[in-house]
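Please work through each task before consulting its solution.

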Amino acid sequence: MDTKTLLELLCNGKGVSGYEYTIKDTIVSAFDKYSDEISVDNLGNVLALKKGSTKEDNIKIMLAGHMDEIGLMVKDIEDNGFIRFTNIGGIDPRTILGQEVIVHGKKDLFGVVGSKPPHLQDPSEHDKAIKMEDMTIDIGYSKEEVEKLVNIGDTITIRRELLNLQGDRVASKALDDRAGIAVLFECIKELGKIRHEADVYFVSTVQEEVSMAGALTGAYKINPDIGIAVDVGFGTTPELSKSDTIELGKGPGITLGGNIHPRLRQKLTEVAREYNIPFQMEISPGPTGTDARAMQITREGIPSLCLSIPLRYMHTSVEVIDMVDIKHTAKLLAFFIASISNDSLEGLLCY
Amino acid sequence: MLLKRLTEASGVSGNEKEVRDIIISEIKNHVDSLKIDRLGNIITYKKGRDTSKTLMVTAHMDEVGLMVTDIDSIGLLKFTTVGGVDKRILVSKPVAVGRDKIKGVIGAKPIHLQKREEWTRALNINELYIDIGAKSKEEAERLVNIGDYVSFYSDYVEFGDGLVKAKALDNRVGCNLLINLIKEVNDISFYGVFTVMEEIGLVGSGPAAYEVNPDISIVLEGTLCYDMPKLDSHLIPTYINKGPAISLIDRTTVFNATLRNKIIDIAERNNIPYQYRKTSMGGNDSGKIHITKGGSITTTISVPCRYIHSPASVMSQSDYNNTYALLKAILAEFEREEL
């Protein structure tokens, strides 16, 4: 399968944190052809193993891209059938007003997010954002009907199909971090063409947006020698300071900071330079808030790296990436993995 | 389906061509005369039995939207609003730019990089921009011109218990009603007029009324609807599923009470549900029509639309059907010279 086709299937799929099973089959069927073993663990992580080329006792590298997305959850049903809701994961309430949504009730139900219309507001309200608690979802049924179809606690996703923009750029919901899974997929295909000693675990993790539960338990089970999170980084836009962001189309951000193993990170940049793969530095002195953080503190500690795909408008339903960055990130990962041998790892991990 | 084609077409005020072309292709074989005036209004006449008075039925073709005002140094598009658009509904939405409908998105700053007080404040238009995926100013300039119209990118969806979601239901629903009236009513003389630029100040309707010089006008609209359960009923402008909304007063017209009472009488005699439009906010083409030349009496009959002027407005098919039934009954009464 073409990597972009998979990305489109994943982004158009619906899997709020804790409810990722809806896209599990898409991931399994894509990775199955390229992996030696594939399994789904208790929390719902999809683990695809591609074995190394040498003897047994290979070193293990775990790649993590998270399959969950931010979303909403049903809180209450009004007398006219309108649904009150709250958020799962970090959401700017201003990005929710006027959205079309899918309420995942007994069946998928179309709805529209509304609020008091501006004509009926006091003019002083016009410069204030509408609070999420003042918004409602209209699924077009009476309260009686809604109660038959929807339960408190049902999840809700924004209705959005992946949109092709100019060149290689695409806009979609959930590119954070289905783009990371696309990188994993591109990487497993690349590794089919390159000799590598390490056993590589391609893990699509669950619940990153709320607790990183998937990366924690996945890393515990695999117990890798190196853990690499593939997530998204803040893309440059006019309202953000350049030093906080990475530019679209200029390769992955390689994260620097306490969450990241310094020697491995140095090796990663050396590989990028050797193969002429563009990259950018992304500074994150503390815990990264990615699966790299979860992996770093699993068991007795796992040396971790983090690669970020530049992405604009993070946590909106119109996130934008450049597909070129998916290719570059996957290439860098593949060449990095190939550069680590059972014998060289020890030296790389020395402080 | 006609309402799908009408709502998915782009017709931001001043740029109604795509909508106008659909309407003309639908009605051209059903009218005795059809002309496009110098502003872009479509003025049609259907000849039936002679009546002493001249009746005009109107619907505006245009919709609210955006217009490109600048292309910045990295190829992002700055824009302004055309017509009444609440700036708060723009964030995190897809749009279609220009004649080629180039897809773009209106993004927003990541929540992670915001201070808490930021997300309690509405973003201003000058803080927003459209990202079409161009990598440079030059690339964007090859695709987009300053002044290009931008419409919401939103499809027609039927959902729930007989509801419809689309952009521009204000006023493609009025256009649809008038198109069907022109197609199906054959023995009554009336002017059917589709106007331009209602949303930016009732521009087309004055000149159209000047040309037609009607005695009675019926303005068809999609109007404000907000029917929350805990609201006092006098604060509810219209309800969904309670039938056509008949205007009392708005910012542009104090509607003729005699005509209104006749219409209500017609609705009651024909068992057609109706409601009053209980707000004085907003205005429509009636404002210009009733004061053109020597003046005329007008009524506005609307299909209630939730989330009006947004990319996802919602109406009910039963309200549409009841509005259409009422219109046919009014036209029959007009033919009997009893309106």
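Two strands pair if DSSP finds at least two bridges between them. Helices (H or I, at least four residues) and strands (E, at least two) are DSSP runs, numbered from the N terminus. The model is predicted: local features need pLDDT of at least 70, side-chain atom pairs count only at pLDDT 80 or more, and totals for chains, interfaces and linings use all residues. Residues are numbered from 1 along each chain as its sequence is written, while chains are lettered from A and ligands numbered from 1 in the order in which they are written.

**Exercise 1.** Determine how strand 14 and strand 16 of chain A pair, and describe the sheet of eight strands in chain A.

*Solution.* Step 1: strand 14 (residues 253-256) and strand 16 (residues 304-311) of chain A are joined by two bridges in the antiparallel sense. Step 2: opposite Gly253(A) lies Ser308(A) of strand 16 of chain A. Step 3: the open sheet of chain A has the strand order 1-2-12-3-13-16-14-15, with mixed pairing. Step 4: strand 1 (37-40) and strand 15 (280-283) of chain A are at the edges; each has a single partner strand, so one side of each lacks a neighbour in the sheet.

**Exercise 2.** Describe the open sheet of three strands in chain A.

*Solution.* Step 1: the order of this sheet in chain A is 10-11-17, and the pairing is antiparallel. Step 2: strand 10 (163-164) and strand 17 (319-322) of chain A are the edge strands; because each has a single partner strand, one side of each is left without a neighbour in the sheet. Step 3: strand 11 (residues 169-172) of chain A is joined to strand 17 of chain A by four bridges. Step 4: Val170(A) has Ile321(A) as its bridge partner in strand 17 of chain A.

**Exercise 3.** Characterise the side of chain B that touches chain A.

*Solution.* Step 1: two residues are in contact if their C-beta atoms, placed from the backbone, lie within 7 Å. Step 2: 55 residues of chain B are in contact with 52 residues of chain A. Step 3: strand 7 of chain B gives the largest share of this side, four residues. Step 4: the residues of this side of chain B comprise 30 nonpolar, ten polar and 15 charged. Here Ala, Val, Leu, Ile, Met, Phe, Trp, Tyr, Cys and Pro count as nonpolar, Asp, Glu, Lys and Arg as charged, and the others, Gly among them, as polar.
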